[in-house]
Amino acid sequence: QLKLVESGGGLVQPGESLRLSCAVTGFTLGYHDIGWFRQAPGKEREGVSWINSGGEYMEYADSVKGRFTLSRDNTVNTVALQMNSLKPEDTGVYFCAAGIVRRSWWSEPGRYSYWGQGIQVTVSS
């Protein structure tokens with residue numbers, strides 16, 4: 001089966017850290033780009049970060065640059081999003097997605113073929 005499963009979300013205070021993981025089964029992760037998106041209630045899904053199939057190249061939304069870091073381990077089909085210095089505006093449901101994506105279109109949800117179910121991240125005092 002084709003499946004992406006996020007883990008590692010939860011409730012943290014501002015300034016703290018979380019590490020999200022995306023485990024992929026059903027296809028070879030090493031041949032797909034991975035994007036992270038987030039969505040708050042009533043808002044559109046927005047791109048957070050992107051990593052290419054080999055892990056050499058990454059993109060980040062301006063709002064998370066310097067705070068979030070992507071990595072991937074293709075040997076175990078897992079992508080991690082390390083989130084440091086979290087802010088309340090980082091709150092939302094986070095999704096990982098897989099596809100063959102042009103780098104210039106990395107933040108467009110429609111370019112991804114497979115999606116996880118999402119996981120809640122809440123940053124609050």
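User: What should I know about the model before we begin?

Analyst: This is a predicted model, in which local features need pLDDT of at least 70, side-chain atom pairs count only at pLDDT 80 or more, and totals for chains, interfaces and linings use all residues. Residues are numbered from 1 along each chain as its sequence is written, and side-chain values use heavy atoms, with hydrogens and water left out.

User: How many helices and strands are there in the chain, and what makes a run count as one?

Analyst: The chain has 0 helices and 11 strands. Both are DSSP runs numbered from the N terminus: a helix is H or I with at least four residues, a strand is E with at least two. From the N terminus on, the order of elements is β-β-β-β-β-β-β-β-β-β-β.

User: How do you know whether the chain agrees with a compact globule?

Analyst: The radius of gyration is taken over C-alpha atoms, and the globule rule is 2.2 Å times the number of residues to the power 0.38. For 125 residues the rule gives a value near 14 Å; the chain has 13 Å, and therefore agrees with a compact globule. Along the principal axes, the C-alpha atoms fill a box of roughly 40 × 25 × 25 Å.

User: Why is Cys22 called buried?

Analyst: Buried means under 20% relative accessible area, exposed over 50%, and partly exposed in between (1.4 Å probe, protein chains only). Cys22 has 0% relative accessibility, so Cys22 counts as buried. Cys96 also has a relative accessible area of 0% and is therefore buried. Buried residues make up 40% of the 125 residues in the chain.

User: What makes Cys22 and Cys96 a disulfide?

Analyst: A disulfide is a pair of cysteine sulfur atoms within 2.5 Å. The sulfur atoms of Cys22 and Cys96 are 2.1 Å apart, and the pair forms a disulfide. By this rule the count comes to 1 disulfide. The pair links distant parts of the chain, with Cys22 in strand S3 and Cys96 in strand S9, 74 residues apart.

User: What makes a group of residues a nonpolar core, and how many residues has the largest?

Analyst: A nonpolar core is a set of buried Ala, Val, Leu, Ile, Met, Phe, Trp, Tyr and Cys residues joined through side-chain atoms within 4.5 Å. The largest such core has 25 residues, and those with the most contacts inside it are Leu20, Trp36, Phe68, Leu81, Met83 and Tyr94. At least two residues of this core come from each of strand S3 (18-25), strand S4 (33-39), strand S5 (46-51), S7, strand S8 (78-83), S9 and strand S11 (119-123). S3 gives the most to this core, with 4 residues. A second, separate core of 6 residues includes Phe37, Ala97, Val101 and Trp106.

User: Which residues is Leu20 in contact with, and what makes a contact?

Analyst: Contact means heavy atoms within 4.5 Å. Leaving aside neighbours within four places in sequence, Leu20 is in contact with residues including Ser7, Trp36, Leu81, Met83, Tyr94 and Val121.
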